[in-house]
Structures are given as structure tokens and as C-alpha cells.
Amino acid sequence: MKFANILSRNSNNPADEITKRKNPLSDTAFLLITTVIIFVLMYVLGMILFAGKGFANPQNFFNLLNENAALIVLSCGLTIVMIAGGIDISVGGATALIGMSCVIHMDDQGGQFGTAIFVALGIGLTFGIVQGYLVAYLGVQPFIVTLAGMFFARGLTAIIETETRTVSNEGFNKIAQTRIRLPGVGSVNNNGVFVQAYLEIGVIVALVVVIALFATLRWTKFGRNLYAVGGNLQSALMLGINVKRTKFLSYVLCGLLTGIGGMIFLLHIRSGATTHASGMEMDAIASSIIGGTLLTGGVGSVFGTFIGALTKGTIGNIVRAIGLTGAWWTGISRAAMLCFFIVLQSVIIMRKRKKS
Amino acid sequence: MQDTTVLSMRGICKAFPGVRALQDVDFTLRKGEIHALMGENGAGKSTLIKVLTGVYAKDAGEIFMDEIDKPISIKSPQEALNIGISTVYQEITLCPNLTVAENMFIGRSKDFFISWSARNKRTKEILENLGIPASPRQQLSNCSIAVQQMVAIARAVDMECKILILDEPTSSLDENEVQKLFRLMRDLKARGVGILFVTHFLDQVYEVCDRITVLRNGELVGAYEIKDLPKVDLVSKIMGKELDVLANIEKTHVQESLDREDKPPVVQVENLSSVSGIQPFDFSTTQGEVTGFSGLLGSGRSECVRAIFGADRITGGKIKVKGKSVKIRKPKDAMKLGMGYLPEDRKNDGIVADLSVRENIILALQIMKGFFRPFSRSQAEAFADEYIKLLNIKTASSNVPIGSLSGGNQQKVILARWLLTHPDYLILDEPTRGIDVGTKSEIQKLVLKLASEGMSITFISSEIEEMLRTCSRLIVMRDRKVVGELKDDEMTQGRIMQTIAGGAAKNE
């Protein structure tokens with residue numbers, strides 16, 4: 001007995017029952033649009049007010065990308081985990097560990113840039129697999145597991161090397177200093193010479209990651225399962241989704257992205273130190289939230305996170321342009337921004353609850 | 001039987017520690033019928049469904065499905081789905097953050113990549129075909145609860161289910177939405193799906209169902225064609241007869257009911273309504289009177305007393321206590337006005353399982369006194385020991401955790417908790433559920449004794465004879481509405497059932 005056949009020959013349904021009204025936006029889409037609008041407004045405002053301080057220079061925007069490429073990738077990893085309803089606060093520590101390990105690998109053990117990539121990805125994946133297993137299959141609280149991961153990564157970094165180490169490997173430095181010139185984009189400097197704007201190689205990687213993850217979240221079974229698990233765990237189970245595996249894979253993917261992000265970080269900063277990337281996990285969480293990811297899970301997008309990371313960077317630029325050089329001013333304005341987004345999200349959730 | 005049987009369950013037994021949830025229950029479902037499964041709390045409805053859907057393993061019995069000769073065994077809900085048994089629960093088990101189309105297909109496909117256009121197109125076909133007013137691209141949380149439920153049903157239908165279990169799907173829907181759901185159910189019935197419909201609403205059963213199976217205390221009462229069973233008979237089958245052991249409790253309040261009119265009301269409510277959705281009702285009780293709220297499960301009897309006690313937020317109406325208008329915003333307000341409420345759900349709302357018997361007993365009084373002025377240990381012990389003796393609570397000492405006591409003794413502890421506050425008006429919601437016959441009769445006797453000492457009591461029970469023995473006046477409810485009030489001579493089993501079933505029942 002095939003229902004498909006039965007369904008198709010029935011045609012006595014009143015068509016007027018199907019409501020033709022326009023569908024309200026989904027939560028993810030609404031939060032994404034809010035983020036994009038705020039970012040654009042903020043940047044345009046910066047360009048108008050601080051045109052003299054380089055805001056109007058295209059390179060200013062590209063530096064935003066250059067400086068935040070690693071953060072973008074790490075934040076994407078957090079977005080994946082947060083969509084599935086988890087959290088990972090070990091990514092900052094892991095980034096420092098990856099940086100230091102790669103420096104030691106290249107400079108002391110005779111490794112090359114190619115093998116260092118494997119070291120970075122290997123460390124990231126190990127963190128993802130171990131933490132994912134503990135959270136998904138043993139049911140330990142993700143906050144606790146990744147807090148332990150954070151302490152472990154920081155500790156291990158210090159055991160490897162307590163001094164700050166600058167990379168001397170030539171092959172690595174050549175790649176790190178590669179500047180991808182953009183034809184036709186740039187500005188005229190004080191001497192009247194046209195200077196082309198440039199991107200670092202890490203930015204290209206970050207953009208590829210964002211696009212790949214966007215496609216994964218939207219068009220693959222795994223991607224949609226992440227949303228289902230984060231949206232309602234019990235329902236996801238009843239709908240036949242392998243909840244544990246989905247959770248586990250979310251951490252593994254986050255670990256892999258930490259590996260990539262750690263390498264981009266090293267390419268940008270070209271040194272290893274125990275204090276590197278401190279607080280970066282919190283910046284990544286903030287970027288995800290500003291980008292429209294709900295801490296409660298089920299809502300978010302990597303494109304939003306990308307914009308979120310840039311927004312976070314722009315706040316810093318504006319604060320500096322105003323002349324408030326103290327780091328605390330950046331912190332305070334970021335706090336205000338974060339509060340704004342969290343309140344906005346709460347309002348959206350309350351509005352939804354009221355409806356249903 | 002001229003129709004094909006799509007499911008037959010024979011001799012199903014299931015026991016939990018201390019409870020026989022199902023005893024030798026038979027159940028058959030035909031192709032293309034809507035079959036109501038009815039019974040009070042603890043009758044075994046949900047256990048039967050859970051056995052069928054593989055949530056529980058049965059202890060004994062056999063399950064057959066059509067076209068399969070040998071008994072089948074269902075080990076998990078997933079397995080049940082695969083052989084064509086789908087369940088739609090009262091709480092929606094879909095993901096609110098995904099679109100309608102996604103909810104239809106997620107977890108079913110093996111493909112790595114997703115084709116949104118194909119999904120949306122197929123979903124649109126199904127929704128239009130079943131007349132479900134939703135768009136495939138809509139986020140599910142933007143749909144009404146009724147539509148969400150219909151999407152869950154559509155998903156089940158698209159998975160080619162032969163048996164569709166609807167577990168109280170109508171309890172959170174309004175009349176209009178219920179009609180839409182019924183239209184969909186009839187449509188599916190015409191397509192040959194066997195539908196098992198669990199509900200507490202009598203009218204809905206008579207509107208949409210073909211047959212009824214009634215369970216009571218884990219046993220099968222019978223399966224009936226709907227046209228052969230008038231409403232009154234159905235009510236009596238659901239409520240059943242009570243054990244004779246309890247019959248010899250004497251009625252002591254007949255005398256008082258005569259001079260009831262002279263006394264001022266202790267508690268009086270007018271047009272009271274609450275967030276639970278009950279129709280506004282009037283109620284009053286005088287000193288020393290035992291009143292009862294009677295009706296089937298889900299009729300709103302608990303919701304009424306919860307509103308009076310402030311356990312559900314009040315949305316309209318007036319409450320007067322001893323003639324004075326009062327505002328009750330939370331249970332503590334009611335407690336200060338001299339009320340007590342023994343809740344229906346002892347496990348979740350009554351006991352604090354890990355605290356000792358003593359702490360459980362003094363809890364309500366302590367709350368009224370304030371937590372920053374605790375009773376001394378010796379005082380608390382004196383209170384506890386007094387009531388343990390008074391109510392004959394069987395416990396090793398007042399120090400053992402209440403969770404280790406039997407159900408009946410736990411209930412007595414909760415009763416002691418309220419008696420300690422010396423209330424003027426005490427509400428007992430199902431105080432005798434799930435406890436042994438001996439304790440039941442003790443509690444009933446106690447209720448009459450307290451009333452004779454001047455306490456006003458409201459007594460609620462699923463067992464009609466218990467109500468007849470203890471109450472001097474009965475408020476009768478159906479479908480969240482007060483439909484009658486019976487007193488003195490009017491209080492007979494037949495009369496109550498007729499009132500519950502409604503006037504129309506006489507003609508059927």
C-alpha cells in the first residue's frame with residue numbers, strides 16, 4: 001500500500017485553507033539581518049566621522065579581515081557547537097598550544113610549514129574528539145569539559161616552552177608575509193603614490209572556511225541535524241536523528257576549525273607564547289552571539305558569525321579612532337554591544353513564546 | 001468482524017515494582033477506524049501505548065499486525081515507526097526552529113545532501129492534500145499548536161503508517177482547531193489508517209470515534225461499538241464500582257446538611273477563572289461542610305480548586321473568605337487566609353522526597369511563620385510525633401526520608417502537614433489515589449471527623465462511591481465547565497453519571 005498514490009488522487013481539499021500570507025522570517029534569518037544592518041551602519045558611521053584616520057581607506061577594511069581571520073575561523077567552530085546546543089571554551093588555549101607546538105616543530109625539530117599544518121590540525125582534532133566524546137557519549141557538561149580542556153592546553157603550552165618564540169623558519173615566514181594584492185583597489189598615500197590594498201593568506205583560508213561551512217549547514221544532512229539537535233533534543237531523538245553522533249561531530253568539526261584557526265593565528269603573529277590568544281575563546285563566543293547565534297541552540301549561521309567577528313573588530317577601531325586608547329574602553333564598548341545583542345535575542349525568544 | 005484487523009494485542013501484562021499496570025489486556029484495531037482508548041488516571045492507557053510503541057517491554061502477551069502470522073516484538077520507538085506504528089503526542093515532538101518541510105523529512109533521509117526544492121515541493125503536495133493550512137517554508141514555531149500537531153500527523157502519514165496513535169492531541173486546542181483535526185482524522189480513516197485516539201473529552205469521542213476500549217485499574221473493562229454504548233454507560237464503565245470493604249463508613253453529616261443554609265460561607269467564589277482555561281464558576285462552602293468536585297479526568301475539577309488556592313494564576317472573578325473580599329495571588333496568600341491544599345500529584349507537588357518525615361510535616365507551618373524564624377528541633381519533633389501518632393503514620397521515626405515510606409503513609413504525612421496549620425478550609429485533591437484500601441478508609445473517616453469538628457473540606461476523587469460517602473454536596477463538571485450541583489437525595493451514582501454525560505445521554 002503506497003500512500004503516495006492515495007495522496008495524489010485526492011483533490012477535494014479547499015484551496016482557501018492554505019494561508020497565502022507572507023511567512024514571517026525565521027529566527028536565524030532575522031538575527032542575521034539585524035547583525036548585517038548594525039555592522040554596515042557602524043562601518044559607514046566610522047567612515048563619515050573618522051575619514052581622516054584611515055577609515056575611508058580600503059586597506060582599513062582589509063586590515064579588519066587580516067587581523068580577525070583567525071578569530072573568524074574559531075568563531076565559526078563555536079557557532080557549530082552552539083547551534084547544536086553546546087559550548088567550547090578551550091579554543092583560545094588550544095590556539096596558543098597549536099602556535100607554540102608549530103614553532104617548536106619548525107624551528108627545533110626541523111619541520112617544515114607543510115608538516116606544521118598537520119601538527120596544527122592534529123592537535124585541534126584531538127581536542128575535538130576527546131571533548132566531543134566526553135560531552136556526547138559520557139554526558140559530561142560541555143562547559144566543564146572544555147574548561148578542563150582550556151586549563152590543559154594552557155598548561156601544556158607552558159610545559160613546552162615558557163619563553164616567547166619568534167618563528168625563524170624561512171619557508172613559513174615567506175608564506176606568512178605573502179600579500180595578496182587586489183587589482184584596482186587601494187588608495188593614494190601621502191607621497192601621491194597609489195598603494196594597492198592587500199590581504200593575508202589566512203583571510204583567503206577563512207573565507208573558504210566560511211563558505212564551506214555555510215554550505216554544510218544549509219545543504220547537508222549533518223548540518224540540518226545540528227539545528228534539530230540544538231532546537232529540541234528530545235524531539236530530534238524522536239525524529240530518528242542520532243543525537244549523540246551529531247553532538248560528537250559538532251565538537252570534532254570545532255576541533256578541526258581550531259586547528260585551522262590556530263595556524264592562521266600563527267601566520268599572522270609569527271610567534272609562539274603562553275599568553276597568546278588569551279581570552280580569544282570569549283571573543284569567539286561574543287562574535288557568535290553578535291552574529292545571531294543563540295546560546296540556547298538551534299539558531300545561528302556562520303555568515304552571521306563572520307559579520308559578528310568584523311563588528312567586534314570595528315568596535316575596537318572606532319574606540320581607538322575616538323582616542324580612547326585604553327584597552328578597557330574597547331572592553332566596555334564590546335560589553336555594551338554584547339548586552340544589546342543578548343537583550344535583542346531574549347526579546348525575540350519571548351515574542352515567540354508569547355505566540356505559541 | 002467484516003473489517004480487516006490491522007492490530008491485535010492479546011493478554012498483555014506489564015508490572016512495575018508494586019504496581020500491576022496492565023493485566024491480561026486485549027485490544028484490537030481495525031483498518032480504517034477511529035478507536036478511542038479511555039480510562040481514568042492509572043487505568044493503564046499510557047502503559048498500553050508505551051508497550052505498543054516499544055518504550056516499555058511487555059511482561060506477557062502477544063502483538064499481531066496484519067499480514068504477519070507470527071507475533072511481533074517491538075523493542076524501540078524507532079522499530080515501531082519502521083513497521084508502521086506512528087505516535088503523535090500531546091507535546092509536539094518536532095523541532096520548533098526548523099521549517100515545516102524540514103520537520104516532515106528530517107531524520108528520514110539517508111542522502112548526504114539535501115534538496116530543499118524537492119522537499120518543499122513534496123511537503124506542499126502533502127499539506128495541500130491533507131488540507132493543512134501551513135507553508136512548507138514556514139518556521140514551525142510560527143504555526144499554531146494545532147497546525148504543528150497536524151504537521152506531526154502529516155509526517156506520520158507520509159511515512160506510510162498503518163496505525164496512528166494520537167495521545168491526547170486535543171487538550172491544548174480550541175474548538176475550531178479540534179474540528180480541523182477531526183477533519184484530518186476522518187480523512188485518514190477513509191484512507192484506511194487505523195487510528196488509536198486517547199482523550200478525556202466525552203463529546204469528542206462520540207463525535208469522531210467508531211469504537212471504544214475502556215480500561216480500569218490496568219484491566220480491560222471492554223471494547224464497544226460507539227452506537228451500542230450510551231454516554232451514561234460509558235461513564236459508569238470508566239468509573240466502575242468501588243470495593244465493598246469501604247461501604248460501611250457511616251454518613252455523619254446528613255444532619256448538618258439540613259441547617260447548612262443558616263451558616264455564613266467560609267469560602268465563597270464568584271465567576272472565578274484561571275490560566276488553566278476553566279470556564280468561570282461559582283462555589284461556596286460553609287463551616288463543617290464536605291463538598292466535592294466530581295467529573296472525569298480532565299474535566300477541570302483539579303483546576304477549580306487550584307484556582308481557589310492560587311496555585312494557578314487567577315484571571316477573573318472574586319474570592320471571599322468569611323465574607324471579606326480577598327486577593328489570592330499565590331498559594332501563600334491562601335495559606336494565610338486559613339486554607340490548605342493537598343495536591344493531586346503527590347510525587348511532584350506533595351512530598352519533598354529527600355527530606356525527613358519531620359521536615360515534611362512542618363513545611364507548611366514553617367512557610368507561614370517565615371524561613372528566618374525556624375522552629376527549634378525539639379519543637380519540630382514534638383509536632384511531628386504528635387501527628388505521626390494522631391494519623392497512625394507507619395514510620396520508623398520522624399527522621400527517615402519520606403521517600404522511603406509507602407504511598408499511603410506519604411499521603412498521611414502531607415495531610416499532617418496541612419492539619420498542623422489548622423486550616424479553616426482544606427482541599428484534598430485525590431488524597432486516596434494509589435494507596436491501599438485500609439488507608440483509604442482511614443482517610444475518609446478522618447475527613448468526616450474533621451468536618452464534624454467544624455472544618456470545611458473539599459474532597460476530590462475519581463472514585464464516585466468515595467465521593468458519595470464523604471461529601472454532602474457535589475459540584476459536577478464536564479469539559480472544564482460546571483454542569484450541575486447535586487445535594488442530599490440527588491446524590492446517587494446514576495444521577496451523577498447522568499449529569500457528567502449530559503442531558504442528551506438519555507436519548508441515546
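Predicted model: local features only at pLDDT ≥ 70, side-chain atom pairs only at ≥ 80, totals over all residues.
The buried residues are A:M280, A:E281, A:D283, A:A284, A:I285, A:A286, A:S287, A:S288, A:I289 and A:I290.

A:A277 is placed in the loop between β4 (271-272) and α12 of chain A. Its phi is near 55°, a positive value in a residue other than glycine. A:A277 has 29 C-beta neighbours inside 10 Å and therefore counts as buried, the cut-off being 20 or more.

Helix α4(A), residues 91-107, packs against α12(A). The angle is about 130° and the axes are 6 Å apart. The two helices are therefore oblique to each other. A:V91, A:G92 and A:T95 form the α4(A) side of the contact, and A:M280, A:E281 and A:A284 form the α12(A) side. By class, these residues divide into 3 nonpolar, 2 polar and 1 charged.

Helix α11 of chain A covers residues 243-269 and contains A:H268. A:H268 is partly exposed, with 17 other C-beta atoms within 10 Å. Its contacts, not counting residues up to four places away in sequence, are A:N66, A:A69, A:A70, A:E200 and A:G202. A:H268 and A:A70 are 198 residues apart in sequence, yet their C-alpha atoms are 8.3 Å apart in space.

The largest nonpolar core holds 236 residues. Within this core, A:V73, B:V151, B:A154 and B:L164 touch the most other members. Helix α3 of chain A, residues 58-83, gives the most to the core, with 15 residues. On the chain B side, B:A154 touches B:M104, B:I126, B:L127, B:L130 and B:I132, not counting residues up to four places away in sequence. In soluble globular proteins, nonpolar side chains tend to be buried together.

The contact between the chains takes 33 residues from chain B and 32 residues from chain A. In chain B, α2 (77-82), α4 (116-130) and α5 (145-158) each supply at least two residues of the side that touches chain A. That side has 13 nonpolar, 12 polar and 8 charged residues.

Helix α5(B) also packs against α6(B), residues 175-190. Their axes are 10 Å apart and meet at an angle of about 10°. That makes α5(B) roughly parallel to α6(B), a term that applies to angles under 35 degrees. From α5(B), the contact uses B:A146, B:Q149, B:M150, B:I153 and B:V157. From α6(B), it uses B:E177, B:K180, B:L181, B:L184 and B:L188. The contact has 7 nonpolar, 1 polar and 2 charged residues.

Chain B is divided into domain 1 (5-229), domain 2 (250-338 + 425-430 + 455-508) and domain 3 (341-422). The centres of domain 2 and domain 3 of chain B, taken over C-alpha atoms, are separated by 26 Å. Domain 2 contributes 13 residues to their contact, and domain 3 contributes 9 residues. On the domain 2 side, α10, α11 (331-336) and β16 (425-429) of chain B give two or more residues. The residues of that side divide into 8 nonpolar, 1 polar and 4 charged.

Helix α10(B), residues 301-309, is mostly covered, and 9 of its 9 residues are buried. These are B:R301, B:S302, B:E303, B:C304, B:V305, B:R306, B:A307, B:I308 and B:F309. B:G310 follows the helix and has a positive phi, near 85°.

Further along chain B, B:K322 is placed in the loop between β13 (314-321) and β14 (324-326). Its phi is near 50°, a positive value in a residue other than glycine. With 15 other C-beta atoms within 10 Å, B:K322 is partly exposed.

Conventions. Residues numbered from 1 in each chain as written. Chains lettered and ligands numbered in written order. Core = buried A, V, L, I, M, F, W, Y, C linked by C-beta atoms within 7 Å. Buried ≥ 20, exposed ≤ 12 C-beta atoms within 10 Å, placed from the backbone. Helix = DSSP H or I, 4+ residues; strand = E, 2+ residues; numbered from the N terminus. Contact = placed C-beta atoms within 7 Å. Nonpolar A, V, L, I, M, F, W, Y, C, P; charged D, E, K, R; others polar. Domains from an automatic or database assignment. Axes fitted to C-alpha atoms, helices over the stretch in contact; angles between N-to-C directions. Parallel < 35°, antiparallel > 145°, perpendicular 65-115°, else oblique.
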